[in-house]
Amino acid sequence: MELHETLSPPQYAAMVRSMTGGRAALGRRSLLRAAGFGALAAAGSTVLAGCGIPAAGRQGATASTDHSAQEKVVDFSNWTEYIDVSDDGKHRPTLDAFTKRTGIKVKYTEDINDNVEFFGKIKPQLAAGQDTGRDLMVLTDWLAGRMIRLGWVQQLDSANLPHAYANLEQRFRSPDWDPGRAYSYPWQGIATCIAYNKKATGGRKVTSISQLLEDRSLKGRVAMLSEMRDTIGMTLLDMGELPEKVTDDTFDAAVARIQKAVDAQQIRKFTGNEYTDGLSKGDIAACVAWAGDLVQLRIDDPDIEYVFPDSGFLSSTDNLMIPDKARHKTNAERLIDYYYEPPVAAQLSAYINYVCPVAGVRPYLAKIDPSLARNPLILPDAAMDAKTHTFRSLSDAEDSRYEEKFSKLIGA
C-alpha cells in the first residue's frame, strides 16, 4: 500500500512540507533529513510503499521475552545530530560512560530522518508481531501517540526508572496521548516562539502574534510556519483560546484571522526552517520560530531576539519508546533512566541545545557553561512553564479536515 493511499491528500501534503521545509528538514538535526527525503523522491513512489500509517485503534502488544540479563546490549535508534559527540567526532561521551558503568554496550544508529519514513521501516515487523531489531527509538509526539494506540510499544516498568520518574519536568508529565507517561519519556522538548531582527524592526520589540498579523510597520516582512499546529496553536493562544481544547469553530476562527493578514499582504510567506536565513538578512523582520534554531542563530547574529508571548507558546516533544518484541527491554529502561540523571542530562543538553526535560540540571549546566544555565531556550523558567501549551491529539478525520483548511490558507 502506498503512503499517499493511506493518508488523505492534505495529510500527505503536510508530511511532505515537514520533510522538505519544516521542522523535519533544516534544524540542528540537520540537512541529512532533507537529503533523505530527496533520495526518496528521486527513487519514486515505490520507495514509499509500506510507509502508510494504519488507522489508529489499540491492537494490543504481545508479550515478549526480555534477554537483557543474558545479552548486555541495547539497540538505540535516534535522529541525526541529536546526541553529544567528542571533539574528534569518534565518541559519544554519555553513551561511553553508560557502557563503562553498566557493562551494557549501546548499538547507536542514526537512522531516523523523518517520523513517517522511519515508521515505514519498522511497520512490517510490528504488524507481524516481530522484533524490529531495535530496543529504543525516538518519535515525535503525534506519532508516539499513534504507536501507543496501535499497541506497538511496550509499557515501561517504573521500577527500572527511578530517576526518570523523579526528575521528569512537570510540564512534560501527562500528555493527552500518554497520560502519566506509561509508555514514553521525553528525549528533548521543542518550543515555538516569536523571533525578530531588531535592526529590521528599527529597535522595536515584537512580542505578540497580534503584532505579526496587524502591525503595518511589519507589512510584507512577516513569516509564519508551514507546520499547522505551530501557526494555528500560537494564533489560538493570542485569541485567548487553548490549543489543548481546539474545536472546529476555534480552528476556523484562527484560520480566518490569519487569512485576513494574508489578504492584506502582511505575511510575506509561510516557511519551514528557512526563515532563519531571511531573519538574519532582515528580509523577514519578525516570525514564528522554533527555539532550537535560535540558540546557534543568536551566536552568529546578535541582532536576533526572541520572545515567548504573554499569551503562551506551543511545546512538543521527541520521545523515548520501546517497540513491541524488543529483546532488551530492561537494558533500554536502564538507558532511559540514565539520561534522567541531571549530570548526564546537562552534558547532553549542552551539546544539542533543545529544551531539557530533566529537572535539576541547572547547576550541572552552569559548570559546563554558565550561559547555558541561564538560557530559557534550554531551561524554561517558572514563568515560561505557566505559558506552555500543547496542541491536543487529533482524530484522523480532524487531522485531515484541519490540514486541508490550513493548506488552502498557506497556498500549499
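This is a predicted model: local features need pLDDT of at least 70, side-chain atom pairs count only at pLDDT 80 or more; totals for chains, interfaces and linings use all residues.

**Around helix H9**

Modeller: Let's start with H9 and helix H10 (residues 248–263), whose axes come within 9 Å and cross at roughly 95°. That crossing angle falls in the 65 to 115 degree range, so H9 and H10 count as roughly perpendicular to each other. On the H9 side, the contact is made by Met 228, Thr 231, Ile 232, Thr 235, Leu 236 and Asp 238. H10 answers with Thr 250, Phe 251, Ala 254, Val 255, Arg 257 and Ile 258. Sorted by class, the contact of H9 with H10 has 7 nonpolar, 3 polar and 2 charged residues.

H9 (residues 228–238) also meets helix H18 (residues 396–410), and here the axes come within 11 Å and cross at roughly 80°. H9 and H18 are therefore roughly perpendicular to each other. From H9, the residues in this contact are Met 228, Arg 229, Thr 231 and Ile 232, while H18 brings Asp 399, Tyr 402, Glu 403 and Phe 406. The classes here come out as 4 nonpolar, 1 polar and 3 charged.

Now for the empty space. Rolling a probe the size of a water molecule over the atoms shows where empty space is left. With a threshold of 30 Å³ or more, the count is 2 cavities. The second largest cavity holds about 40 Å³ of space. Its lining is made up of Pro 186, Trp 187, Gln 188, Leu 320, Tyr 339, Tyr 340, Ala 345, Leu 348, Pro 357 and Val 358. Two elements give two or more residues to that lining, strand E4 (185–197) and helix H14 (342–352). E4 gives the most, with 3 residues. By class, the lining has 9 nonpolar residues, 1 polar residue and no charged ones.

One last stop is Glu 341, which sits in the loop between helix H13 (329–338) and H14. Glu 341 has a relative accessible area of 13%, and since buried means under 20%, Glu 341 counts as buried. Leaving aside residues up to four places away in sequence, Glu 341 touches Arg 101 and His 163.

Notes:
Residues are numbered from 1 along each chain as its sequence is written. Side-chain values use heavy atoms; hydrogens and water are left out. On a 1 Å grid over the protein atoms alone, a cavity is a set of points where a 1.4 Å probe fits but cannot get out, and a pocket is an open set with protein on both sides within 12 Å along at least five of seven lines; lining residues have an atom within 4 Å of a point. Grid points are joined across faces, edges and corners, and a volume is the space filled by probe spheres set on the points. Helices (H or I, at least four residues) and strands (E, at least two) are DSSP runs, numbered from the N terminus. Ala, Val, Leu, Ile, Met, Phe, Trp, Tyr, Cys and Pro count as nonpolar, Asp, Glu, Lys and Arg as charged, and the others, Gly among them, as polar. Axes are lines fitted to C-alpha atoms, for helices over the stretch in contact, and angles run from 0 to 180 degrees between N-to-C directions. Angles under 35 degrees count as roughly parallel, over 145 as roughly antiparallel, 65 to 115 as roughly perpendicular and the rest as oblique. Contact means heavy atoms within 4.5 Å. Buried means under 20% relative accessible area, exposed over 50%, partly exposed in between (1.4 Å probe, protein chains only).
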